[in-house]
Amino acid sequence: MAEQRNGDGFPALLGAALRDGVVDDEAERRAVAAFRLARDSGDRATCPRHEDDWRPGSA
C-alpha cells in the first residue's frame, strides 16, 4: 500500500491522535539540540541498536 503524503489517511489520523495540538517550540529546539549533540559526539553509546533501526534492509 502506498503511503499517502497529503495529510490524509491513517498516518495523519494517528499523528493527530497523539498530539494535543500544543507544540512547545522551545522544548522542541532543546530536544533537537540534545539529539544532535549526542549524535555528533562520536560516542558509540549513542548509536542505535540494530533492533531500533527500522529502515528497510537492502534487498
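This is a predicted model: local features need pLDDT of at least 70, side-chain atom pairs count only at pLDDT 80 or more; totals for chains, interfaces and linings use all residues.

User: How many helices and strands does the protein chain have?

Analyst: Helices (H or I, at least four residues) and strands (E, at least two) are DSSP runs, numbered from the N terminus. Here the protein chain has two helices and zero strands.

User: What percentage of the residues count as buried?

Analyst: Buried means under 20% relative accessible area, exposed over 50%, and partly exposed in between (1.4 Å probe, protein chains only). Of the 59 residues in the protein chain, 2% count as buried.

User: How is the span of H2 judged?

Analyst: The expected span of a helix is 1.5 Å times one less than its number of residues. H2, with 16 residues, reaches 22 Å from its first C-alpha to its last, close to the expected 22 Å. At its start, a side-chain oxygen of Asp 24 comes to within 3.2 Å of the backbone nitrogen of Glu 26. After H2 comes Gly 42, with a positive phi near 80°.

User: How many salt bridges does the structure hold?

Analyst: A salt bridge is a side-chain nitrogen of Lys or Arg within 4 Å of a carboxyl oxygen of Asp or Glu. The structure holds two. One joins the side chains of Glu 26 and Arg 29 (3.4 Å, N to O), and another those of Arg 39 and Asp 40 (2.9 Å, N to O).

User: Why can Glu 26 and Arg 29 be described as about one helical turn apart?

Analyst: An α-helix has 3.6 residues a turn, so residues three or four places apart point the same way. Glu 26 and Arg 29 are about one helical turn apart because they are three residues apart in helix H2 (residues 25–40). Glu 26 is partly exposed at 39% relative accessibility, whereas Arg 29 is exposed at 51%. In the other pair, Arg 39 is partly exposed at 47% and Asp 40 is exposed at 55%.

User: Which residues form the nonpolar patch on the surface?

Analyst: Patches are made of residues with over 30% relative accessible area and no salt bridge; like charges are joined within 9 Å, nonpolar side chains (Val, Leu, Ile, Met, Phe, Trp, Tyr) within 5 Å. Accessible areas come from the Shrake-Rupley method with a 1.4 Å probe, and for residues only the protein chains shown count as cover. Phe 10, Leu 14 and Leu 18 form the patch, with about 360 Å² of accessible area together. Leu 18 lies in helix H1 (residues 9–18) and is exposed, at 68% relative accessible area.

Terms used: Residues are numbered from 1 along each chain as its sequence is written. Side-chain values use heavy atoms; hydrogens and water are left out. A polar contact is a pair of N or O atoms within 3.5 Å; within protein, one must be able to donate a hydrogen and the other to accept it, and residues adjacent in sequence count only if both atoms are side-chain atoms.
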